[in-house]
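Here are my notes for anyone opening this one for the first time. Have a look at the sequence and the fold before reading on.

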Amino acid sequence: MPFDVPAACTLPTAERPLRLAEFDALFTTAVRSVETVSPTHARMRLTGPAGLEATVRDLAARETACCSFFTFTVTPGPAADALVLDVEVPAAYTDVLASLAGRATAATAGAPR
């Protein structure tokens, strides 16, 4: 699934496929559902092994460092292995959020549960 990187992204071009692969791996292994709360807000529910929260927080921090328009909020879920990841963007970046949420949805469709 193609992903158009916005001009506001400061991640070096050579590193972009690697970052996208990190997101895809997270989506495939941990995301259980994706909800579009609004055009500027997506919510993902994740489960996984110990260390998942640290992994998600690290990836979110690195992504925010190069794409400052993203706001990631990680909230522990009701179960010990569950997290909620809220991703928000300003209205000018709804297409980027839709693309990211679309990748997550596509990845979860083929992932084992």
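The points below go through the sheet, the helices, the core and the cysteines.

1. A word on the ground rules. This is a predicted model, with local features needing pLDDT of at least 70 and side-chain atom pairs counting only at pLDDT 80 or more, while totals for chains, interfaces and linings use all residues. Residues are numbered from 1 along each chain as its sequence is written, and side-chain values use heavy atoms, leaving out hydrogens and water.

2. Start with the sheet. It is open, has four strands in the order β1-β2-β4-β3, and its pairing is antiparallel. Strands here are DSSP runs of E with at least two residues, helices are runs of H or I with at least four, and both are numbered from the N terminus; two strands pair if DSSP finds at least two bridges between them. β1 (31–38) and β3 are the edge strands with a single partner each, so one side of each has no neighbour in the sheet.

3. Now the pairings one by one. β1 and β2 make a hairpin with two residues between them; six bridges join them, and Glu 35 sits opposite Arg 43 in β2. β2 pairs with β4 over seven bridges, where Leu 46 faces Leu 83 in β4. Six bridges link β3 to β4, and Val 74 stands opposite Leu 85 in β4.

4. Two helices lie across the strands. α2 lies across β2, β3 and β4, running at about 170 degrees to β3. (Axes are lines fitted to C-alpha atoms, for helices over the stretch in contact, with angles from 0 to 180 degrees between N-to-C directions; contact means heavy atoms within 4.5 Å.)

5. Which residues touch the most other members of the largest nonpolar core? They are Phe 27, Met 44, Leu 46, Val 56, Phe 70, Leu 85 and Val 87, out of 28 residues. Such a core is a set of buried Ala, Val, Leu, Ile, Met, Phe, Trp, Tyr and Cys residues joined through side-chain atoms within 4.5 Å. α3 gives the largest share, six residues. Leu 46 has contacts beyond four places in sequence that include Leu 26, Val 56 and Leu 85.

6. Last, the cysteines. The disulfide count is zero, taking a disulfide as a pair of cysteine sulfur atoms within 2.5 Å. For Cys 66, the nearest cysteine sulfur is that of Cys 67, 3.9 Å away. Cys 66 is buried at 6% relative accessibility, and Cys 67 is buried at 3% (buried is under 20% relative accessible area, exposed over 50%, partly exposed in between, with a 1.4 Å probe and protein chains only).
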